[in-house]
Amino acid sequence: PGDYRLRAAWGRADPKSELFANPLLADKPYRDHVVEAAKEHKLDPALVHAVISAESNYNPNALSHKGAVGLMQVMPDTGRRYGVKEKELKHPEKNIRAGVQYLADLMDLFDGDLKLALAGYNAGENAVVKYGNRIPPYRETMTYVPRIMTYYKKYRTSL
């Protein structure tokens, strides 16, 4: 089970499709980096913008109290997993690439279940697995997932 509508068939998608030409995203910062990474990893750019909005409000220098860095609040260990050094995580393009690749891997890991992928993005994939592939009962994660979904619905042209 899962919401496979989020995984666009980018290789076959019309470059003028609404995912590429979403007017709701036209004025968003880092739009080109987001679209490029989203295409490469077959994610909806609106989802990536939703994560960036909630995580950093488009501040490339954001740093969380837990050590997450940049636009998508990528943890240094996660960045290294995708070949991005900690000092590079403040570079928007590299941060977006690492964050999108991680989110795409989580979508694959959780069979397209967006809510579990988002929970894994926030709490770590091991926490989701530990709780039987359910959203972990952490206050932060339980508010994070609906927050991202709210942004996502706002940025989608149709859902």
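This is a predicted model: local features need pLDDT of at least 70, side-chain atom pairs count only at pLDDT 80 or more; totals for chains, interfaces and linings use all residues.
Helices here are DSSP runs of H or I with at least four residues, numbered from the N terminus.

Helix α5 spans residues 114-123 and is mostly covered, with eight of its ten residues buried. The buried set consists of Leu114, Leu116, Ala117, Leu118, Ala119, Gly120, Tyr121 and Asn122. Around these residues pack α2 (45-56), α4 (92-109), α6 (125-130) and α7 (139-155). Just beyond the helix comes Gly124, which takes a positive phi of about 100°.

Helix α1 (residues 31-41) buries Val34, Val35, Ala37, Ala38 and His41. Among the elements covering these residues are α2 and α4. Lys42 follows α1 and has a positive phi, near 60°.

Turning to charged pairs, the model contains nine salt bridges. One of them joins Arg31 to Asp32, with the closest N and O atoms 3.5 Å apart. Another joins Glu36 to Arg97 at 2.4 Å between the closest N and O atoms. Because Glu36 belongs to helix α1 and Arg97 to helix α4, this pair ties together parts 61 residues apart in sequence. Glu36 is partly exposed, at 40% relative accessible area, and Arg97 is likewise partly exposed, at 26%.

A further salt bridge connects Glu125 and Arg81, whose closest N and O atoms are 3.2 Å apart. This pair links helix α6 with helix α3 (residues 76-81), across 44 residues. Glu125 counts as buried at 17% relative accessibility, whereas Arg81, at 46%, counts as partly exposed. Finally, salt bridges with shared partners join Glu36, Glu40, Glu93 and Arg97 into one network.

How values were computed
Residues are numbered from 1 along each chain as its sequence is written. Side-chain values use heavy atoms; hydrogens and water are left out. Buried means under 20% relative accessible area, exposed over 50%, partly exposed in between (1.4 Å probe, protein chains only). Helices (H or I, at least four residues) and strands (E, at least two) are DSSP runs, numbered from the N terminus. Contact means heavy atoms within 4.5 Å. A salt bridge is a side-chain nitrogen of Lys or Arg within 4 Å of a carboxyl oxygen of Asp or Glu.
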